[in-house]
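Okay, thanks everyone, let's get going.

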Amino acid sequence: MATVSDSHAQAGALDIRVEDFLDDKLQSTTDLENLDSLIANVEVQRSQLQTQLDNAIKQLDEARRTAGDRQSSLAQRIQDFQELQHSIDIRVKIAAASDAPNQAIARLQQPMKKLQMIELAQKYLSLLQDVDKLRTEARSHLPGSPKAALEPYSTLKQLSRRLEELSGPADDAAVHLVNHVRSVADALWDEMKKTMSSELEAVLSKRSWPMVEPSSEMDQEWLACFEKLLDLQIPEVILSKSTVSLLPFDVMSRIFVSEFRFHFLSDKPTSKPDAVGSHCFPWFLATIEKWEDFFRDNLGFTLAAKFRDTSAGNSLVYIDPVCAFITSMLPVMREKVQAVVADTAKNPAFLSSFMGQLMTFDETIRSKFNYDGGNAEQGWSGLATEILEDWFEPWFQAEKEFALERFQAIMATPDARNIDYDYAATGKTKPTFGAVRVTDLLRSITTQYERVRTFKHKIRFLIGIQLDILDEFHDRLRGSLEAYQALTSTVGRTLHGVTKEQLAALEGTGSLESLCKVYGSADHVVNTLKDWGNEEFFVTLWDQLQGRATKEGETSRMSGEMSYEEVKDRTSAAVGSEGDEGILFDETIAAYSLRRKTAQDFLVNALADSHYKAFRAYSTRTQWTTISDSGSDIDPSQLAVTPELDEPLRVLKRNFDFLLKAISTAAFRRTWRTALDKLQDLLWGEVLMRQSFTAFGAAQFTRDLNAIFSLVERYIPNGVGSLGSLVDALKLLNLPAEPQDGALSLKDATDRVFTDNTEAKKILEELDIDTLTPANARHILQRRIENKE
């Protein structure tokens with residue numbers, strides 16, 4: 001039904017279009033006349049449309065046929081691929097199950113290895129031929145043209161180095177070939193040197209070297225041979241990372257080396273170890289000095305010209321003939337020195353002496369001949385440094401043993417603990433003989449190692465010997481203070497006991513002397529170490545220590561077996577800090593400063609105790625209430641000193657005299673300032689505040705104190721300031737009972753002082769009293785009998 005309906009709809013639509021066409025073409029009767037032409041046009045259009053339709057149908061059929069062909073072709077290709085894949089799978093399975101390929105590979109391995117070995121052998125032979133060719137070529141240029149001989153030799157040397165570089169990563173492959181090429185290169189070099197050296201030896205033999213005048217000149221043949229040897233060696237010198245001796249100087253110094261061996265490396269008496277300092281070193285230095293001008297005058301210009309514009313042009317060992325001569329002579333001296341040390345290492349006394357002689361020899365070579373060993377920045381390390389790399393520990397132990405024995409001997413001398421009053425003038429602290437000798441010992445130790453060039457060796461001497469001795473001496477001083485404290489304290493005497501002899505030793509100035517020994521010794525060490533800390537040697541050593549301590553990534557070992565913390569604890573807490581503070585002896589100075597302070601504190605207490613005992617009779621005197629017979633004003637200056645004060649004045653003077661010559665002026669003032677404070681407290685509490693005074697008693701007390709003031713002023717100018725409270729107290733205590741000439745009377749002063757604090761302060765100001773409080777003033781005025789009546 002739907003199809004029928006659609007057909008009807010299409011027919012209806014066609015009819016409408018036909019009707020519209022006819023209405024358009026046949027609008028009048030005249031249009032009917034053109035009906036034939038219209039029909040003809042319609043027929044033409046129909047024919048064209050039919051043709052187009054037939055073409056479309058034909059193209060559609062061809063497209064359908066082509067698509068079918070392609071589909072069938074694709075299906076065939078898919079089928080062929082599947083068949084091929086199936087075939088491949090079958091063949092893979094067959095091949096996997098078969099052993100034929102492995103057997104073929106196994107059969108081919110051995111021939112392949114042989115083929116590779118043949119190819120490698122061929123390359124080896126080719127390389128060996130090249131090596132032999134280079135050797136032959138180098139030989140052909142000698143002795144006529146050493147520069148030309150250097151070219152094949154340099155090629156051979158580079159080949160040897162390249163083989164060594166390649167052999168390492170390849171697990172030392174072809175080691176025999178590498179060794180062969182190296183040995184050929186070395187043998188060729190030795191042969192080249194021997195050939196050229198023989199020519200110079202012949203020239204030297206003609207001229208009876210060294211039987212020539214040191215002031216003579218070398219002839220042209222001699223200089224030509226010298227230059228040939230230099231030409232031969234210049235590449236070696238430039239490429240070498242270490243200092244090498246120059247061949248012409250090696251040849252010319254052979255006669256001297258032979259002579260050295262004859263005298264000092266044989267069975268001659270001069271070969272004995274104890275003759276090194278008296279014969280061997282002087283002979284060596286004299287030989288260098290004898291030919292110094294000869295070499296400089298004849299060869300200085302030649303060396304400078306040859307090494308100009310090269311990397312060796314600034315090294316003295318190559319451009320200075322004398323330094324080059326020394327470099328050639330040093331190996332035999334090194335051999336001698338090593339033999340001497342090996343033979344005598346078990347003799348500490350000789351080893352100590354020998355190392356000092358060796359360092360002196362090194363220093364002479366450096367200073368006299370300006371020898372730097374090829375190191376312009378740090379200089380020649382010296383033979384001593386080389387020896388100490390292997391023999392430092394025996395030498396160090398020998399020096400330490402000698403130093404400790406000397407220290408013990410110093411402390412065992414009878415006068416070691418006596419004060420050296422002649423050490424310095426008055427006004428300077430006097431150390432003990434022992435302290436002076438200990439610092440002298442330390443100074444001598446410094447001279448033993450200050451010429452050592454290795455930091456780890458220098459720091460070992462400082463810490464392992466010098467600081468150990470200082471620590472032991474410090475322990476002795478601390479022990480002396482502890483012993484003194486045990487003798488003078490009640491607890492100490494109870495625990496440890498005390499003998500009559502010990503107590504007798506502390507009588508008089510005995511206690512002061514014991515303490516001054518410790519104080520003077522500690523002060524001497526502190527001042528000495530501070531001075532040393534500013535010396536160039538110790539400043540440089542401190543800078544080196546700081547450089548290692550602040551270096552990033554530095555290990556905990558700073559010097560040999562010593563760790564960073566160990567070095568820091570023994571030297572200074574400033575080690576490793578970024579500031580400029582600190583010296584090597586900070587910790588030691590701090591320890592001795594503490595002993596010095598403790599000794600000074602004990603010294604003050606000893607003075608106070610001495611004064612307390614001396615003033616005991618004076619403080620218990622009961623005659624302060626005596627009334628004057630004259631009844632008039634009493635002038636204290638006209639009175640005699642109280643008899644009970646004679647002994648205290650004598651003790652004071654004795655103590656002043658002793659300390660004045662034992663300690664420095666500054667320490668003297670510090671000590672007495674505190675001691676006088678304690679004396680003032682004693683007189684204030686035991687006399688002024690405990691006794692009652694009449695006008696006569698007050699005048700007598702004033703006379704006594706004036707005697708004390710006068711004594712103090714004699715030894716300490718302006719020292720009465722420490723007794724200022726007593727000075728002001730006497731002004732109140734000596735006020736007259738009755739007013740005289742408008743002066744303030746005792747009664748008026750008392751009334752006003754007791755009125756209130758404000759009035760009391762006014763009174764004190766009027767009397768020019770600035771050390772007393774109103775309460776003090778009231779207590780003092782109450783000591784007058786007149787105010788008690």
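Let me start with Lys-228, which is partly exposed because its relative accessible area is 23%; buried here means under 20%, exposed means over 50%, and partly exposed is in between, with a 1.4 Å probe and protein chains only. Before I go on: this is a predicted model, so local features need pLDDT of at least 70 and side-chain atom pairs count only at pLDDT 80 or more, while totals for chains, interfaces and linings use all residues. Residues are numbered from 1 along each chain as its sequence is written, and side-chain values use heavy atoms, with hydrogens and water left out.

So what does Lys-228 form a salt bridge with? The partner is Glu-199, and the closest N and O atoms are 3.3 Å apart. For a salt bridge we ask for a side-chain nitrogen of Lys or Arg within 4 Å of a carboxyl oxygen of Asp or Glu. This one links distant parts of the chain: Lys-228 is in helix 6 (residues 220-239), Glu-199 is in helix 5 (residues 175-206), and they are 29 residues apart. Helices here are DSSP runs of H or I, at least four residues, strands are runs of E, at least two, and the numbering goes from the N terminus. Glu-199 is partly exposed too, at 24% relative accessible area.

How many salt bridges does the structure hold? The count is 32. Another one is Asp-751 with Lys-747, where the closest N and O atoms are 3.1 Å apart. That pair stays inside helix 27 (residues 746-753), four residues apart, about one turn of the helix. Asp-751 counts as partly exposed at 39% relative accessibility, whereas Lys-747, at 54%, counts as exposed. Then there's Arg-752, which bridges to Glu-759 with the closest N and O atoms 2.7 Å apart; Arg-752 has 22% relative accessibility, so that residue counts as partly exposed. And if you want a network, look at Lys-206, Arg-207, Asp-219 and Glu-221, which are linked by salt bridges.

Okay, on to the rings. A search of the whole structure turns up 45 aromatic pairs. The rule is that rings of Phe, Tyr and Trp (its six-membered ring) pair if their centres lie within 6.5 Å; planes under 30 degrees apart are stacked, over 60 edge-to-face, and the rest tilted. Take Trp-395 and Phe-461: they make a tilted pair, 4.9 Å centre to centre with 50 degrees between the planes. Again we're linking distant parts of the chain, with Trp-395 in helix 13 (residues 382-412) and Phe-461 in helix 15 (residues 455-488), 66 residues apart. Are these two buried or exposed? Both Trp-395 and Phe-461 are buried.

Tyr-484 and Phe-602 have ring centres 5.8 Å apart and planes at 35 degrees, so that pair is tilted. Tyr-484 sits in helix 15 and Phe-602 in helix 21 (residues 586-614), 118 residues apart. Tyr-484 counts as buried at 10% relative accessibility, and Phe-602 is buried as well, at 15% relative accessible area.

There's also a cluster linked by ring pairs: Trp-209, Trp-222, Phe-226, Phe-249, Phe-256, Trp-291, Phe-294, Phe-295 and Phe-325.

Charges over rings next, meaning NZ of Lys or CZ of Arg within 6 Å of the ring centre and within 35 degrees of the ring normal. Arg-460 lies over the face of Phe-396, 4.3 Å from the ring centre. The charged end of Lys-661 sits over the ring of Tyr-421, 5.0 Å from the centre.

A quick stop at Gly-356, in helix 12 (residues 348-369). Gly-356 has 15% relative accessibility and therefore counts as buried.

Finally, zooming out. The protein chain has 29 helices and two strands. Of its 789 residues, 39% count as buried. And among contacts (heavy atoms within 4.5 Å) between residues at least 6 apart in sequence, 73% join residues at least 24 apart. That's my tour, so over to you.
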